[in-house]
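Dear colleague,

I am handing over the structure below, and I would be glad if you could read the notes that follow with it open beside you.

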Amino acid sequence: PQHPCIIVTERMTKGSVEKMLRDPKLEISNLQKMRFARDAALGMNWLHKSNPVFIHRDLKTANLLVDDNMNVKVCDFGLSQWIP
């Protein structure tokens, strides 16, 4: 039988990477954009190497959240699957 999986994360106060990139008042440096990409890649790597393995299936800037320290975390696992 399938077992429900619940993921709880901290509040990500800056919102999504998509929102930040579209905000004309924010100037995000290329270095910061690269840090966003690195954090997303590290998060996806962690998911794919976890046990059970998580397959996200909906990676996009709207599903990358930013905290007060400009760290990015992957969110929205509605379409994800896990492989035992």
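**What was found**

Asparagine 63 touches His56, Asp58, Lys73, Val74, Cys75 and Asp76, when residues up to four places away in sequence are not counted, and contact here means heavy atoms within 4.5 Å. This residue sits in the loop between β2 and β3, where helices (H or I, at least four residues) and strands (E, at least two) are DSSP runs, numbered from the N terminus. Asparagine 63 counts as buried because its relative accessible area is 4%; the cut-offs are under 20% for buried, over 50% for exposed, and partly exposed in between, with a 1.4 Å probe and protein chains only.

Before going further, please keep in mind that this is a predicted model, in which local features need pLDDT of at least 70 and side-chain atom pairs count only at pLDDT 80 or more, while totals for chains, interfaces and linings use all residues. Residues are numbered from 1 along each chain as its sequence is written, and side-chain values use heavy atoms, with hydrogens and water left out.

**The salt bridges**

How many salt bridges are there? The count comes to 3, if a salt bridge is taken as a side-chain nitrogen of Lys or Arg within 4 Å of a carboxyl oxygen of Asp or Glu.

One of them joins the side chains of lysine 73 and glutamate 10, at 2.5 Å from N to O. Lysine 73 belongs to strand β4 (residues 72-74) and glutamate 10 to the segment before β1 (15-16), so this pair ties together parts that are 63 residues apart in sequence. Lysine 73 is partly exposed, with a relative accessible area of 35%, and glutamate 10 is also partly exposed, at 40%.

Another is formed by arginine 22 and glutamate 18, whose side chains meet at 3.5 Å, N to O. Both residues lie in helix α1, 4 residues apart, which is about one turn of the helix. As a general point, an α-helix has 3.6 residues a turn, so residues three or four places apart point the same way. Arginine 22 is exposed, at 64% relative accessibility, whereas glutamate 18 is partly exposed, at 28%.

There is also a salt bridge between arginine 38 and aspartate 39, with the closest N and O atoms 3.1 Å apart. Arginine 38 is partly exposed, at 45%, but aspartate 39 is buried, at 13%.

**The two sides of helix α2**

Helix α2 (residues 30-49) has 20 residues and reaches 28 Å from its first C-alpha to its last, close to the 28 Å expected at 1.5 Å a residue, where the expected span is 1.5 Å times one less than the number of residues. Which residues of α2 are buried? They are Gln32, Phe36, Asp39, Ala40, Met44 and Leu47. These residues cover an arc of only 130° around the axis, which puts them on the same side of α2; the arc is that of the directions from the helix axis to the C-beta atoms. What covers them includes α1, β2 (53-55), β3 (64-66) and β4. On the other side of α2, the exposed residues are Asn30, Leu31, Met34, Leu42, Trp46 and Lys49.

**Leucine 21**

Leucine 21 has its place in helix α1 (residues 17-22) and is partly exposed, at 41% relative accessibility. Leaving aside neighbours within four places in sequence, leucine 21 is in contact with Ile28, Lys33 and Thr61. Leucine 21 and lysine 33 are 12 residues apart in sequence, and their C-alpha atoms are 9.0 Å apart in space.
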